[in-house]
Amino acid sequence: MNASVAIKHTQAESDLLERFDSAKDDLAGSVAVSALREAALGQIRDRGLPHRRVEEYKYSDLRAFLKSAAPLAAEADAASAKSLLDGHDSYGELDRFRIVVANGRFLTDLSDTEALAAEGVSLVALTDALVQEGGAQLLASPKTGPNDGVVALNTAFVQGGVVIKVAAGAEISKPVELVQVATSAGAQVTRNSVTLGEGARMRLLETFVGDTGNGELNTVLECNLADRSALASTRLIVGGVDTARLFTTIATLGAETEFKSLGFIAGPRFTRNQQFINFTGENSEAKIYGVTMAGGDALADQTLIVDHAVPHCNSREFFKTVLDGRAKGVYQGRINVAPHAQKTDGEMMTQALLLSEDAEMANKPELEIFADDVLCAHGATSGQIDEDLLFYLRARGIPEDEAKTLLVLAFLSEAIEEYGEDDVTEGLEARVRDWLAGH
């Protein structure tokens, strides 16, 4: 008989347990949802926060970083959210639809609800969906790896979000920006769901506005693509905040689908952007890109698991990282190929550029293949600025700092341009220049 061993909780873990006791009666959900929340909290109680002895968090020890856990943020009001949005300019003059979630509350008055409805998009507040029959399915995410601690934390405390459904055959004419606004200090825990009907096409821009103070941000995006649909998802993670920023994408791809994503990180002190891509239908393709910039003592983690469970699917992963100061970059990527997933074509590449002697990059690409008729490969490189290229530019009268900026911008722009969403490229490259100006 094996007896369970009680762990000694850190201050943050004790805070989380107290947060749940004080907030659980106010968190939305049916009886089934409440059971899922309790089970998720039980995982935190029994195992603690993810730490370096958990293989998936070996280089990103959330337990060591999170010294305390603030209460959940209070419900936001529309006026405060609008004030923050008025100064928000992530993509300049790009024409786009907007969906606004503030402190977990879906704000219809600030969202383009009617215009999106005319395009074939329906929007429902997650808090409303969780009390309806079948709403528990929105928090049941079995495709996120074995008991992922960040997703469990999200399930236990999720305040709200939005459920987005795109009608079959709809092609949304403009990008859809999902803006999550923090109007006050405190933890922000959200979950958003995007479902594309058969043959639908949409481009999604995830942005984040405001500061949670000493409270972590934990958000999950679940994407369900029906057959022959296409989704391009851009996640912009910027700002010099000192608390944990935790992001998860869970994508389920039907047959003949196209899924693209770009995770762009620049600034937060502790960031983990993790993606779980699951092929469930044949002849589908996923292209996953990452751009990371970190300086000071920041840690930026890009983690990816691609699950090829059916034959005849392709995946491409391309990640670029630039590190300065004492920053640490992490790339963990794994391609799983099931025994019957023949004709799989999977390829991943991660490249890092270190601008200082103290910067550190941890690359961990993996292949786990149980089929014999496949094409799979991975590669990883880390290095410094090419001195020959730098000399070439300086010999043509370009000052050293400007020459370095040009080389770093060219290095990162390769991933941005290969992503292929031309109308967001300019805004992303402007973010790269802004970061480089400060480093």
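Cys313 is buried, its relative accessible area being 0%, where buried denotes under 20% relative accessible area, exposed over 50%, and partly exposed the range in between (1.4 Å probe, protein chains only). The structure is a predicted model, in which local features require pLDDT of at least 70 and side-chain atom pairs count only at pLDDT 80 or more, whereas totals for chains, interfaces and linings use all residues. Residues are numbered from 1 along each chain as its sequence is written, and side-chain values rest on heavy atoms, with hydrogens and water left out.

The cysteine closest to Cys313 by sulfur position is Cys376, at a sulfur-to-sulfur distance of 12 Å, which is too far for a bond. Cys223 is likewise buried, with a relative accessible area of 0%. For the sulfur of Cys223, the closest cysteine sulfur belongs to Cys313 and lies 17 Å away, again too far for a bond. With a disulfide defined as a pair of cysteine sulfur atoms within 2.5 Å, the count of disulfides is zero.

Positive phi values were also examined at non-glycine positions. Asn103 adopts a phi near 50°, a positive value in a residue other than glycine. This residue, Asn103, is placed in the loop between β1 (97-102) and β2 (105-106); strands (E, at least two residues) and helices (H or I, at least four residues) are DSSP runs numbered from the N terminus. The relative accessibility of Asn103 is 5%, and the residue therefore counts as buried.

Lys343, also not a glycine, has a positive phi of about 65°. The loop between β16 (328-337) and β17 (345-354) contains Lys343. At 46% relative accessibility, Lys343 is classed as partly exposed.
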